[in-house]
Amino acid sequence: MATKLTPIYLTHYDAFTEETDNTDFAAVASSDKIAYFEASGRDEQFVVGVYNNNATTAKTVTIKAGNGLQSEFGDLTFSIAAQKIAWVVLSSGRFKNVTGDNKGNIVIEGASTDIQLKVIRLPF
């Protein structure tokens, strides 16, 4: 079963938001190497942190294209070096699923459980 990520919701500019234990980096699920998070609003922007916890080997991560109008831009795949953290800004328009089993979710696939993720939703 996929790992459900809990985004850190930044509600407005110039305000501090504290992290909690449930917003820490979380590994993709061991069973299917998938993690997801809910994108409940329209036109949301997210920052996703990807940490490769492997000591020696680069790993790949794929942010799966959703099934809305902008999904034609396709998946976003990249390789991250061992023990490094990378950040990417995502638009829900491209990556959110609007129908099907993953409706309302953005899905991320890691090469192994070494891939750990954290999500931050930017304020409007």
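Phe37 touches Leu5, Pro7, Phe46, Val48, Gly104, Asn105, Ile106, Ile108 and Val119, with residues up to four places away in sequence not counted. Contact here means heavy atoms within 4.5 Å. The model is predicted: local features need pLDDT of at least 70, side-chain atom pairs count only at pLDDT 80 or more, and totals for chains, interfaces and linings use all residues. Residues are numbered from 1 along each chain as its sequence is written, and side-chain values use heavy atoms, leaving out hydrogens and water.

Phe37 also belongs to the largest nonpolar core, which has 19 residues. Phe37, Val48, Ile106 and Leu117 touch the most other members. Two or more core residues come from each of strands S4 (34–38), S5 (45–52), S6 (59–63), S8 (85–91), S9 (105–110) and S10 (115–121). Such a core is a set of buried Ala, Val, Leu, Ile, Met, Phe, Trp, Tyr and Cys residues joined through side-chain atoms within 4.5 Å. Buried means under 20% relative accessible area, exposed over 50%, and partly exposed in between (1.4 Å probe, protein chains only). Strands (E, at least two residues) are DSSP runs, numbered from the N terminus.

The structure holds five salt bridges. A salt bridge places a side-chain nitrogen of Lys or Arg within 4 Å of a carboxyl oxygen of Asp or Glu. Side chains of opposite charge can pair when their charged atoms come close.

One of these bridges joins the side chains of Glu19 and Lys118 (2.5 Å, N to O). Glu19 lies in the loop between strand S2 (8–9) and strand S3 (26–27), whereas Lys118 is in strand S10, 99 residues apart. Lys118 is buried, at 9% relative accessible area. Glu19 is partly exposed, at 44%. Beyond its neighbours within four places in sequence, Lys118 is in contact with Ile8, Glu19, Thr23, Asp24, Phe25, Val47, Val48, Gly49 and Trp87.

A second bridge joins the side chains of Glu38 and Lys4 (2.9 Å, N to O). This pair links distant parts of the chain: Glu38 in strand S4 and Lys4 in strand S1 (residues 3–4), 34 residues apart. Glu38 is partly exposed, with a relative accessible area of 39%. Lys4 is also partly exposed, at 46%.

Asp75 and Lys64 form another salt bridge through their side chains (3.0 Å, N to O). Both residues lie in the loop between S6 and strand S7 (76–80), so the pair ties together parts that are eleven residues apart in sequence. Asp75 is partly exposed, at 37% relative accessible area. Lys64 is partly exposed, at 28%.

Definitions and conventions:
Helices (H or I, at least four residues) and strands (E, at least two) are DSSP runs, numbered from the N terminus.
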